[in-house]
Amino acid sequence: MILVLANNTSADSVEYRALIDRLNQLPGIKHRVHREVGTEVTLTEIYLIGNTRALVQETMEQLPCVKKIIRISEPYRVLGHHQHGDDRATSFDYNGVRFGQDTFHVFAGLCAVDSRESVEAMMKALQEHGQVCTRMGAYKPRTSPYAFQGYGQQCLPYIFELAGKYGIRVIAMEITHESHVDEIRAALNATGNATGVMLQIGTRNTQNFELLKLIGRQQEFPVLIKRGFGITLDESLNAAEYLASEGNRKVVFCLRGMKTNMGDPHRNFVDFAHVPVLKRLTRMPVCVDPSHSVGTRDASPDSILDIFHAVAQGIVAGANMVLVDFHPFPEKALVDGPQALRLHELRYFLDDTALVRETYLKRAALAAAAQKTRETQPS
């Protein structure tokens, strides 16, 4: 059960304290508070956890501050779309950039940071093309213990410094340990918070539940969580729910392909058909990662790279974000060079994504008009 409180309910008010006192008296019921602070409205929800079937809805609606009650049985209690619907916020703002199921952003950048020169070339190109988001891998979990693991804390200062120089607002950056959050926070503070970071949970850590809990407890940074490459969609969504259940609802879900030889010759089986499924089941923005899905620069006879085709599949299905590898010198890249796009292809890539996004918006408008027509027709 979810208690949706009146807008702008203050945690210091007498009514709110009276409500919490009443909830503390409910036998066998625990509660968890989620608060979303918007530009004009602060929304507070209280999740009741336990055997809530015995609670009388009419009685709960009479409690102080309560605006309405939502009964839920779905497994994705915080991030899910619930059967009876509600008017809760479906987007969040971070460092001047809004993320939601109605927005679209491209995060083009380095899978792994290998030099200051590569970072600056990438960010300069992004600025020249009007982009404010990027991906930069400082910490790189690898299958082989002998492979390049990333420069970690060492490269953070110049990444953030250059981001500030070139107007980059949000950097998607994978972490693999709770200490990385402290390192990122310290480096941001040292550079005057020149940019922002979206923490990325990679596919290998999707079921690292203790890490998910720790990252969920901090609400300073939003989180992009990738689908586990060898588990079901339901299991991956529950991983995202771990983050939200601990308090961080600024979560973006990323499809990055599934590990199976049924996807050959691509690196992974492209799963972008699940974009509309995710938007139906949850309120999260949905991201696609074509670089790690496809894994090559192969092109079809129409001269369009497979990566571009995969991106189009995701965007035309409604994806809100694209995470894609670029590199100034892919042949020198320390990680995933063969799949990286080149800087001279950035304008082409952005034009192509804009074209497909426009197609999606036209499809959505067409579908909305058709739905309206159906509703007005006699049954």
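Which residues does Met136 touch, not counting residues up to four places away in sequence? The points below answer this and describe the surroundings.

1. **Basis of the note.** This is a predicted model, in which local features need pLDDT of at least 70 and side-chain atom pairs count only at pLDDT 80 or more, while totals for chains, interfaces and linings use all residues. Residues are numbered from 1 along each chain as its sequence is written, and side-chain values use heavy atoms, with hydrogens and water left out.

2. **Met136 and the cores.** Leaving aside residues up to four places away in sequence, Met136 touches Leu110, Val113, Val119, Met122, Met123, Ile159, Ile171, Ala172 and Met173; contact means heavy atoms within 4.5 Å. Met136 is also among the residues with the most contacts inside the largest nonpolar core, which has 91 residues; Met123, Ile159, Phe160, Met173, Ile184 and Phe349 are the others named. A second, separate core of 17 residues includes Leu5, Leu55, Leu63 and Cys65. A nonpolar core is a set of buried Ala, Val, Leu, Ile, Met, Phe, Trp, Tyr and Cys residues joined through side-chain atoms within 4.5 Å. Buried means under 20% relative accessible area, exposed over 50%, and partly exposed in between (1.4 Å probe, protein chains only).

3. **Helix H4.** Helices (H or I, at least four residues) and strands (E, at least two) are DSSP runs, numbered from the N terminus. In H4 (residues 156-165), the buried residues are Leu156, Tyr158, Ile159, Phe160, Leu162 and Ala163. They pack against helix H3 (116-128), strand E9 (170-175), helix H5 (178-190) and strand E10. Gly167, which follows H4, has a positive phi, near 75 degrees.

4. Two strands pair if DSSP finds at least two bridges between them. E9 and E10 run parallel and are joined by six bridges, with Val170 opposite Gly196 in E10. Three bridges join E10 (residues 196-201) to E11, again in parallel, and Leu199 has Val223 in E11 as its bridge partner. Six of the six residues of E10 are buried, so the strand is largely enclosed by the rest of the structure. Gly196, Met198 and Gln200 point one way from E10, and Val197, Leu199 and Ile201 the other way. E11 (residues 223-226) is likewise covered on both faces, with Val223 and Ile225 buried on one side and Leu224 and Lys226 on the other.

5. **Helix H1.** The buried residues of H1 (residues 14-24) are Tyr16, Leu19, Ile20 and Leu23. Seen down the helix axis, they fall within an arc of 95 degrees, so they line one face of H1; the arc is that of the directions from the helix axis to the C-beta atoms. These residues pack against strands E1 (2-5), E2 (29-37), E3 (42-50) and E4 (66-70), and against helix H2 (57-61).

6. Lys30 lies in strand E2 and is exposed, with a relative accessible area of 63%. Arg249, by contrast, is buried, at 10%, and is found in the loop between helix H7 (233-245) and strand E12 (251-255).

7. **Cysteines.** The count of disulfides, each a pair of cysteine sulfur atoms within 2.5 Å, comes to zero. Cys133 is buried, with a relative accessible area of 1%. The sulfur of Cys133 is 11 Å from the closest cysteine sulfur, in Cys287, too far for a bond.
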